[in-house]
Amino acid sequence: MHFIFDRDGTIIKDMHYLSNPNDVELLPKAKTTLHKLKDLGHDLHIHTNQSGVQRGYFTEKDIESCMQKMFELLGVSKNFFTSICISTDIDLSNPETYRKPSIKFAKEIYSSFDIKKDEIIYIGDRLVDMETAINFGCKGFGVNTGRENLHNLIADNIKFSNFTILDNLEGLLDYF
């Protein structure tokens with residue numbers, strides 16, 4: 001399986017426009033879950049929207065510093081993840097955007113590994129992560145570890161009724 005994880009609110013605490021590596025904090029169960037999935041032979045990817053660069057709030061160097069801090073806290077190198085997509089885009093109308101809910105990154109994984117869509121799973125703490133899974137036609141899981149309560153957001157929305165919402169990443173291990 002190829003798991004595509006959101007970063008903020010899914011692996012690390014969502015600090016809203018995170019730019020200082022000293023503010024990077026792993027969410028409970030994230031480290032052990034990612035290591036277990038990797039030990040089971042799964043490919044792990046990251047797909048994160050970081051529009052703060054184009055908004056002028058921080059730089060790409062700030063993103064890299066925060067990513068490096070996350071790797072250190074996870075006890076891994078960057079290569080632990082098969083691929084990483086950091087979208088600094090704002091403009092969703094750009095057909096070349098990687099900004100979720102764009103499926104461009106998922107399509108690249110799909111074609112690079114010559115796999116079926118049901119071998120790709122999106123995991124995130126926001127509706128946009130689940131929309132990306134819907135748009136691509138793959139399975140997705142919500143994790144209720146971000147700033148918004150996913151249970152409340154999807155309660156009356158039939159579009160998201162097929163999504164399982166987990167309390168934390170460790171819940172994935174019950175499915176894989």
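Analyst: Contact here means heavy atoms within 4.5 Å. By that rule, and not counting residues up to four places away in sequence, D14 touches D8, G9, D125, R126 and R147. This is a predicted model, in which local features need pLDDT of at least 70, side-chain atom pairs count only at pLDDT 80 or more, and totals for chains, interfaces and linings use all residues. Residues are numbered from 1 along each chain as its sequence is written, and side-chain values use heavy atoms, with hydrogens and water left out.

D14 sits in the loop between β1 (2-5) and α1 (30-39); helices (H or I, at least four residues) and strands (E, at least two) are DSSP runs, numbered from the N terminus. With a relative accessible area of 12%, D14 is buried (under 20%; exposed is over 50%, partly exposed in between; 1.4 Å probe, protein chains only). R147 is partly exposed, at 46%.

The whole structure has eight salt bridges, each a side-chain nitrogen of Lys or Arg within 4 Å of a carboxyl oxygen of Asp or Glu. One of them joins the side chains of D14 and R147 at 3.2 Å, N to O. R147 lies in the loop between β5 (139-143) and α5 (150-154), so this pair ties together parts that are 133 residues apart in sequence.

Another salt bridge, between D6 and K100, spans 2.9 Å, N to O. D6 is in the loop between β1 and α1 and K100 in the loop between β3 (83-87) and α3 (104-113), so parts 94 residues apart in sequence are tied together.
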